[in-house]
Amino acid sequence: MKIIEEIMHNVFSAADGNLNRLTAGRMRVKYEGCQYSSLEEITSLDGGEEDIVSGVGMTLMASPTLMMLMVFTPEARLGAARILLGEGGLSNAELVDSVLQEIGNIFGSALANGLAKYLDEQVKTSPPEVAMDMAGSMLASIVGSVPDLGDEILLLNMRLETGDSDSACGIHIFFDEKLREKIDALPSVISSE
Amino acid sequence: MSRILIIDDAMFMRHMIRSALEPLGFEIVGEAVNGAQGIDMFRALKPDVTTLDIIMPEMDGLEALRNIRQEAPLANIIMVTAVDQRESMLQAMRLGVSDFIVKPFDDDRVISAVQKAINRAS
């Protein structure tokens with residue numbers, strides 16, 4: 001787990017820098033750690049909740065497969081949109097979705113580039129897609145689309161800090177068996193080079 | 001007053017560029033959501049500066065740039081790119097763009113690129 005933690009610290013540092021630039025310092029991200037979760041556990045946890053959340057999904061690598069789903073709670077969606085659009089933009093749902101797409105792009109690019117560097121794989125990102133649904137439904141949709149998906153996914157926990165408030169966010173990383181084997185085979189410490 | 005055309009599939013990016021430029025007196029004469037629509041609007045509107053995203057559905061920014069260059073070799077075009085699009089940036093440089101804006105960007109970067117493009121043209 002240690003190597004993934006180190007990679008994710010680097011990834012979130014890059015994402016935080018880009019988020020800082022996009023919002024002129026008004027939005028930051030605080031990385032809170034990651035853990036592997038079984039598909040069964042994820043489905044039962046998220047599928048059991050009735051809250052509608054916003055999700056940004058995108059492919060980060062095509063072969064082997066790496067995908068992400070970034071989940072925004074209603075509070076995180078509102079906080080991000082308020083920072084980037086002001087109160088006047090909140091009533092335009094399409095514009096708010098576009099804000100989430102851009103934030104998803106920032107995290108997706110950081111994750112794709114960060115993991116590709118250590119795994120020696122090619123980045124191939126797709127345009128981010130936004131959906132509003134129950135988290136469990138969105139997760140099930142992605143699980144069904146990843147061929148050779150392993151038994152576990154990686155869950156990244158973070159908080160989006162927007163002005164005076166901050167909200168929980170999560171990123172679910174889906175990878176096929178081949179990529180999981182490469183992650184597990186990484187050395188335990190990242191070289192300082 | 002300089003006239004600007006924005007070609008970008010992301011509504012938020014179009015919103016950001018418009019919000020940065022309009023308060024300074026730039027006129028946003030049109031917004032297109034893909035390369036094909038952008039070419040049509042470029043022909044019809046003849047903007048002073050065009051901001052052109054690279055990754056777009058239907059027709060991407062590089063193909064639109066080639067088309068616009070054939071008709072208007074001196075057109076002022078600023079490409080909007082992401083950090084990981086180096087190969088596309090090289091192709092755009094060969095096609096002769098005025099400048100690049102790398103996403104994510106802030107208002108100052110947009111204003112600076114547009115003002116430089118206009119100064120060069122005059």
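Which residues of helix α3 (residues 61–71) of chain B are buried? Select that helix in this predicted model and pick out B:Gly61, B:Leu62, B:Ala64, B:Leu65 and B:Ile68, its buried residues. Look down the axis: these residues cover an arc of only 155°, which puts them on the same side of α3(B). An α-helix has 3.6 residues a turn, so residues three or four places apart point the same way.

Next, show what the buried residues of α3(B) pack against: β1 (3–7), α2 (35–45), β3 (49–53), β4 (76–82) and α4 (86–94), again in chain B. Then turn to the face of α3(B) that points away from the buried side, where B:Gln70 and B:Glu71 are exposed.

Stay in chain B and select helix α1 (residues 11–21) together with helix α5 (residues 107–121). The two pack at an angle of about 70°, and their axes are 9 Å apart. That angle makes α1(B) roughly perpendicular to α5(B). The crossing of α1(B) past α5(B) is right-handed. To see the contact, display B:Ile17, B:Ala20 and B:Leu21 from α1(B), and B:Asp107, B:Val110, B:Ile111 and B:Val114 from α5(B). By class, this contact has six nonpolar residues, one charged residue and no polar ones.

Finally, show both chains. Their contact takes 14 residues from chain A and nine residues from chain B. On the side of chain A that touches chain B, α1 (2–22) and α4 (93–119) of chain A each supply at least two residues. The largest share of that side, nine residues, comes from α4(A). Colouring the chain A side by class gives six nonpolar, five polar and three charged residues.

Conventions. Residues are numbered from 1 along each chain as its sequence is written. Chains are lettered from A and ligands numbered from 1 in the order in which they are written. This is a predicted model: local features need pLDDT of at least 70, side-chain atom pairs count only at pLDDT 80 or more; totals for chains, interfaces and linings use all residues. Axes are lines fitted to C-alpha atoms, for helices over the stretch in contact, and angles run from 0 to 180 degrees between N-to-C directions. Helices (H or I, at least four residues) and strands (E, at least two) are DSSP runs, numbered from the N terminus. Angles under 35 degrees count as roughly parallel, over 145 as roughly antiparallel, 65 to 115 as roughly perpendicular and the rest as oblique. A crossing is left-handed if the near helix is turned anticlockwise from the far one by less than a right angle, and right-handed if clockwise. Two residues are in contact if their C-beta atoms, placed from the backbone, lie within 7 Å. Ala, Val, Leu, Ile, Met, Phe, Trp, Tyr, Cys and Pro count as nonpolar, Asp, Glu, Lys and Arg as charged, and the others, Gly among them, as polar. A residue is buried if 20 or more other C-beta atoms lie within 10 Å of its own, exposed if 12 or fewer, and partly exposed in between; C-beta atoms are placed from the backbone. The arc is that of the directions from the helix axis to the C-beta atoms.
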